[in-house]
Amino acid sequence: MQGKQGSAILCVIFMVLFTIQITNAAIYYVGDGNGWTFGVSNWPNGKNFKAGDVLVFKYPKGIHNVVIVNKANYGACKASGKTLSSGNDRVTLGRGTYYFICGIPGHCNGGQNISVTAN
């Protein structure tokens, strides 16, 4: 009987800790009021991203998109990766560095790219 009680207590503790982490997650609107557009590459500066935080990319559907790329493709502005195109895309961060570009030709070179590191 005591083994079941111990397991139940551990389960409750895990659920509380999981809920606390979700509660502490921040939602960031990429580009703030301007949204996901040209010249947004400096937007992450000064922000402290954490695992569980959510990035929201808001933009006119069909005008822009969001491509999650690797470091090499980020540096080359090469749109090779997972493409999001709803105009209201949400990405939940895990630990590590993420690279995002707009895959429309010329947009990444126009500063429509960001990299963020979540701890």
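Biologist: What is the bridge partner of tyrosine 29 in β2?
Modeller: Valine 56 is its partner there. Keep in mind that this is a predicted model.

Biologist: How many bridges join β1 to β2, and do they run parallel or antiparallel?
Modeller: Three bridges, and the two strands run parallel. Strand β2 covers residues 54-58.

Biologist: What holds paired strands together in general?
Modeller: Strands of a sheet pair through backbone hydrogen bonds.

Biologist: What is the strand order in the open sheet of three strands?
Modeller: The order is β1-β2-β5, with mixed pairing. β1 (27-29) and β5 (88-92) are at the edges. Each has a single partner strand, so one side of each has no neighbour in the sheet. From one strand to the next, the twist averages 20 degrees.

Biologist: And the open sheet of four strands, what order does that have?
Modeller: That one goes β4-β3-β6-β7, and the pairing is antiparallel. Its edge strands are β4 (82-84) and β7 (113-118). The twist here averages 25 degrees from one strand to the next.

Biologist: How many bridges join β6 to β7?
Modeller: Six, with β6 spanning residues 96-101. Tyrosine 98 stands opposite valine 116 in β7.

Biologist: New topic. Where is asparagine 73?
Modeller: In helix α2, residues 71-76.

Biologist: Does asparagine 73 count as buried or exposed?
Modeller: Buried, because its relative accessibility is 12% and the cut-off for buried is under 20%.

Biologist: Which residues is asparagine 73 in contact with, leaving aside neighbours within four places in sequence?
Modeller: Lys78 and Ser80. A polar atom of the asparagine 73 side chain lies 3.2 Å from the backbone oxygen of serine 80.

Notes. Residues are numbered from 1 along each chain as its sequence is written. This is a predicted model: local features need pLDDT of at least 70, side-chain atom pairs count only at pLDDT 80 or more; totals for chains, interfaces and linings use all residues. Side-chain values use heavy atoms; hydrogens and water are left out. Two strands pair if DSSP finds at least two bridges between them. Axes are lines fitted to C-alpha atoms, for helices over the stretch in contact, and angles run from 0 to 180 degrees between N-to-C directions. Buried means under 20% relative accessible area, exposed over 50%, partly exposed in between (1.4 Å probe, protein chains only). A polar contact is a pair of N or O atoms within 3.5 Å; within protein, one must be able to donate a hydrogen and the other to accept it, and residues adjacent in sequence count only if both atoms are side-chain atoms. Contact means heavy atoms within 4.5 Å.
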